[in-house]
Amino acid sequence: MEEKEQRKLGKNLLKELQHRNGLGAERLYNCCVDLIIANPRWNLRALIEDGSEAHNISQVVYLESAVASMGLLCRLQRSFSRVLWSLFILLAGVGSLCMVLLMLWWRIQAKEQEEKAVYAMVEQIIDMLKEQHEFAQNEDTTEQSGLAVQHVRDQLLPPARRKAMQKIWHKAVKFIEANESRVRLETQVIEGEEFAVWRWIQAVPNGGKVWQGQAFGEHNDNNPSTAIYSPTPCLKIRNMFDKEVESEEGWEESVKDALLEKCQDIKSLVHIYVDTKSKEGCVYVKCNSKEAAGKVRLALHGWWFDGRLVTVKHLKVEHYHNRWPEAKFAWRPLQPSTNQMRSLAQPYYRSSLEMT
């Protein structure tokens, strides 16, 4: 609105009031201007000569509207634009939300398909190892009871799909290493070259509580005359059992017998405690000397027992006696409950590392 028209706005208002109200028009005009100054939200501004806002009635020179005068067509066009813009924002928001949900659904489906493919490959690997194990038993040989990991991969992954299925293969290998105790990974020399080999561990009587071979290349010498240093006669043995799956009555005695049978040539274990509440499958052992404890550790550490890898560490004798005071006076070597040697009944495979 031009300045001339803005000045007319105040004069026209006064004339209109005078026409309608006569002598009371001046008073009514002052009241209207006063209300305009006090209510800026009305979009009417009372201005002085330089165009700044007036603070009292005496300063007011002209009135100005904050809303431009628009024709009907312009108003319809503006309203239509606002509606279209609001619809665009709404549709864009809904579309973005749908895209996010669609991507999440796609990722969940892809993950489920990948898990199914991993489990299917794990089952194929286990089937191959079982078949190889049965073949080796029929041929009465243990040298061919395992399969090289690379050979299994080449059998299951055709060359055309090998690159695309590489991720599935790696996940299947990790799953077997972490969750499948019936499959043992070892190193074997095949035609003069070392390979990682998978070997199937067959279920056996006595709940499978048998010694199944050595995982590390440690020299297993149980000669009583060999002097081996040990800082303490007490030992802590891990992974001798899994408390979540043990259900047979008297399984603790089977674990004790397995330890005594494995150390039959040492004959030095004077106290054994099976911690049935241990999540790590811990068994605590005290020997009659430090040298004997060193030999027991060498005989057990790094061996497979009941599908689990056994590890042994030394334990301070003070801590041992504080927990089991009766062990302080134990001196007579313990004997297995039977002479059947059931934990040693299954011949175990000795790798090239064990024979060095």
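What share of the 356 residues of the protein chain counts as buried? In this predicted model, 35% of the residues of the protein chain are buried, where buried means under 20% relative accessible area, exposed over 50% and partly exposed in between, with a 1.4 Å probe and protein chains only. Residues are numbered from 1 along each chain as its sequence is written, and side-chain values use heavy atoms, with hydrogens and water left out. Because the model is predicted, local features need pLDDT of at least 70 and side-chain atom pairs count only at pLDDT 80 or more, whereas totals for chains, interfaces and linings use all residues.

## Overall composition

The protein chain contains 8 helices and 12 strands. Helices (H or I, at least four residues) and strands (E, at least two) are DSSP runs, numbered from the N terminus. Of the contacts in the protein chain between residues at least 6 apart in sequence, 67% join residues at least 24 apart; contact means heavy atoms within 4.5 Å.

## Helix 3 and its helical partners

Helix 3 (residues 72–138) packs with helix 5 (residues 166–179) at an angle of about 60°, and their axes are 9 Å apart. The axes of helix 3 and helix 4 (residues 149–156) come within 11 Å and cross at roughly 120°. Axes are lines fitted to C-alpha atoms, for helices over the stretch in contact, and angles run from 0 to 180 degrees between N-to-C directions.

Helix 3 and helix 4 are therefore oblique to each other. On this scale, angles under 35 degrees count as roughly parallel, over 145 as roughly antiparallel, 65 to 115 as roughly perpendicular and the rest as oblique. Helix 3 passes helix 4 in a right-handed crossing; a crossing is right-handed if the near helix is turned clockwise from the far one by less than a right angle, and left-handed if anticlockwise. On the helix 3 side, Met 121, Gln 124, Ile 125 and Met 128 meet Val 152, Gln 155 and Leu 156 of helix 4. By class, this contact of helix 3 with helix 4 has 5 nonpolar, 2 polar and no charged residues. Ala, Val, Leu, Ile, Met, Phe, Trp, Tyr, Cys and Pro count as nonpolar, Asp, Glu, Lys and Arg as charged, and the others, Gly among them, as polar.

The crossing of helix 3 and helix 5 is right-handed. Residues of helix 3 in this contact include Glu 114, Ala 117, Met 121 and Ile 125, and those of helix 5 include Lys 167, Trp 169, Phe 175 and Ile 176. The contact of helix 3 with helix 5 divides into 11 nonpolar, no polar and 3 charged residues.

Strands of a sheet pair through backbone hydrogen bonds, either parallel or antiparallel. An open sheet of 3 strands has the order 3-5-4, with antiparallel pairing; two strands pair if DSSP finds at least two bridges between them. Strand 3 (146–148) and strand 4 are the edge strands, each pairing on one side only. The twist averages 40° from one strand to the next. Helix 3 packs on this sheet, touching strand 3, strand 4 and strand 5, and its direction makes about 95° with that of strand 5.

Strand 4 and strand 5 form a hairpin with 2 residues between them, and Glu 191 in the turn has a positive phi of about 55°. Within this pair, Leu 185 stands opposite Trp 198 in strand 5, and the bridge partner of Ile 190 in strand 5 is Glu 193.

Val 183 lies in strand 4 and counts as buried at 7% relative accessibility. Val 183 and Arg 199 are 16 residues apart in sequence and 5.6 Å apart in space, C-alpha to C-alpha. Not counting residues up to four places away in sequence, Val 183 touches Leu 129, Ile 176, Trp 198, Arg 199 and Trp 200.

Strand 8 (residues 269–274) is mostly covered, with 5 of its 6 residues buried.

| Strand pair | Bridges | A bridge pair |
|---|---|---|
| Strand 4 (residues 183–190) and strand 5 (residues 193–200) | 8 bridges | Ile 190 and Glu 193 |
| Strand 8 (residues 269–274) and strand 9 (residues 283–287) | 5 bridges | Val 274 and Val 283 |
| Strand 10 (residues 303–305) and strand 11 | 2 bridges | Trp 304 and Leu 309 |
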